[in-house]
Amino acid sequence: MAMRQTPLTCSGHTRPVVDLAFSGITPYGYFLISACKDGKPMLRQGDTGDWIGTFLGHKGAVWGATLNKEATKAATAAADFTAKVWDAVTGDELLSLAHKHIVKSVNFTQDSGYLLTGGQDKILRIYDLCKPDADPQEISGHTSAIKKALWCNEDKQILSAADDKTVRLWDRASMEVVKTLQFDTSVSSMEYIPDGEILIITYGKTVAFYNALGLDLIKTVDAPAPINSASLHPDKDFFVAGGDDFKLYKYDYNTKEELESYKGHFGPVHCVRFSPDGELYASGSEDGTLRLWQTAVGKTYGLWKCVLPEELVSENSDTLYGSTPEIKA
Amino acid sequence: IRTPVCVLRMPRGPDGSSRGFDPTSERYLALCPTTISSSDSAVDSATFVEEQKARTVLRERYIRSLLAMVKKDVHFTMYERVKVNAVFGASDIDILNFQVSDLQTPLGVQKEALIRCPDIISYSFSIDAGLKD
């Protein structure tokens with residue numbers, strides 16, 4: 001029986017959600033952090049979307065947010081010219097790293113020992129989290145604001161995307177650029193999958209897949225509308241994309257076929273990410289909400305329940321909701 | 001017509017009254033222990049008995065310290081750079097709240113007050129000090 005996707009809406013933010021990230025799978029499940037222009041990044045339980053806490057401290061819009069694998073630390077990048085590191089269990093602010101301009105992106109190394117930041121001042125910075133008072137290492141080269149900076153190749157290299165329409169691969173030890181990809185238009189997002197070393201870059205209406213080690217192009221897929229973010233399923237069979245037409249698109253990665261598209265958001269989709277187990281994907285939008293979508297529609301998982309037709313009319317189905325009541329943020 | 005997938009409930013949102021990070025959640029208790037949990041009784045019985053003896057001594061000493069504090073002036077160092085003095089009255093059984101009198105605050109002296117123990121970082125008093133009635 002074909003089922004219709006019921007997205008789960010996570011409210012709480014009061015302004016556009018511009019970035020989101022999942023942790024790895026921990027003994028307590030997996031977690032999701034959302035960056036919002038209201039300056040208050042939130043931590044949620046990854047499989048249900050239940051709010052766990054809000055990181056309070058930034059004095060401006062938060063443009064980037066990330067969690068370490070174990071979900072014990074969080075990092076955020078904000079318009080108040082700081083990147084902050086947080087204890088993701090207690091919600092306490094651990095470090096505030098002053099920058100000279102708006103910070104857009106933050107990323108932990110695998111061991112959470114170093115933090116990479118990038119932003120409007122065009123410089124990549126590497127902070128040793130064991131020596132927070134020490135000056136960070138700086139890598140210059142980009143000629144415009146950095147949008148996204150990520151560790152790759154077991155933290156031996158760095159990938160950065162900037163408004164100068166380039167994506168650059170840097171060697172961490174030498175701090176030199178290894179390869180540069182030049183685009184005709186600004187890159188809207190970048191996602192890196194360590195397992196398989198795949199890089200996903202979105203620009204215009206295109207979702208492009210590269211090998212992260214040499215920046216060789218694997219394939220490109222064109223969507224019906226300008227795309228702001230895309231994410232590849234851990235099993236590399238699907239990818240999802242969202243953009244300016246408010247919709248989420250699901251594609252077969254191998255055949256490039258568009259499989260499904262979903263309406264739901266009331267504004268452009270800024271970010272979309274698969275959960276670490278691939279069972280759901282989360283999207284953040286200009287409308288101030290996060291939505292969780294099932295990869296296998298109709299499967300029992302998290303708050304979604306597979307219900308057989310007989311159960312729908314039984315007296316025991318009081319707690320089941322057939323359609324999502326709209327909850328305004 | 002496709003049937004929409006059923007959901008058990010909507011995701012819970014912020015509670016509006018706090019910033020969250022529930023200190024009673026399983027994850028918080030496991031990763032931020034506020035007490036040192038005792039060893040599994042599966043550990044060898046001699047070690048277990050010795051540990052229990054040590055815990056008993058420490059517990060009794062602590063309870064006696066609370067008794068020694070009654071009617072004495074105590075200095076509390078708390079979060080948010082708060083340092084206050086007050087006369088100690090009593091503790092509740094879970095050591096979650098201290099009942100104090102004449103709490104000296106920047107806003108004036110609070111005749112009777114309850115101080116939440118999780119808000120206290122440390123406290124000190126002089127054993128030899130005179131009693132404040």
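Predicted model: local features only at pLDDT ≥ 70, side-chain atom pairs only at ≥ 80, totals over all residues.

Tutor: Residues are numbered from 1 along each chain as written, chains are lettered from A in the order in which they are written, and side-chain values use heavy atoms, without hydrogens and water.

Student: What is the volume of the second largest pocket, and which residues lie nearest its centre?

Tutor: Rolling a probe the size of a water molecule over the atoms shows where empty space is left. A pocket is an open set of points on a 1 Å grid over the protein atoms alone where a 1.4 Å probe fits, with protein on both sides within 12 Å along at least five of seven lines; lining residues have an atom within 4 Å of a point. Here the volume, the space filled by probe spheres set on the points, is about 1,000 Å³. Of the 39 lining residues, A:Phe22, A:Ser23, A:Tyr192, A:Ile193 and A:Pro194 lie nearest the centre. Strands (DSSP runs of E, at least two residues) that each supply at least two lining residues include β3 (17–22) and β19 (187–193) of chain A.

Student: How many residues does each chain bring to the contact?

Tutor: With contact meaning heavy atoms within 4.5 Å, chain A brings 48 residues and chain B 24 residues. The buried area (accessible area, 1.4 Å probe, lost on putting the two parts together, summed over both) is about 3,400 Å², and carbon and sulfur atoms give 65% of it. On the side of chain A, A:Tyr28, A:Trp51 and A:Val89 lose the most area to chain B, together 21% of what that side buries.

Student: Which side chains meet in a salt bridge between the chains?

Tutor: Side chains of opposite charge can pair when their charged atoms come close. The criterion is a side-chain nitrogen of Lys or Arg within 4 Å of a carboxyl oxygen of Asp or Glu. Between chain A and chain B there are 4 salt bridges, including that of B:Arg19 with A:Asp92 (2.9 Å, N to O).

Student: How many salt bridges are there over all chains?

Tutor: The whole structure has 20. One of them joins A:Lys148 to A:Asp19, with the closest N and O atoms 3.7 Å apart. This pair links distant parts of the chain, A:Lys148 in strand β15 and A:Asp19 in strand β3, 129 residues apart.

Notes. Helix = DSSP H or I, 4+ residues; strand = E, 2+ residues; numbered from the N terminus.
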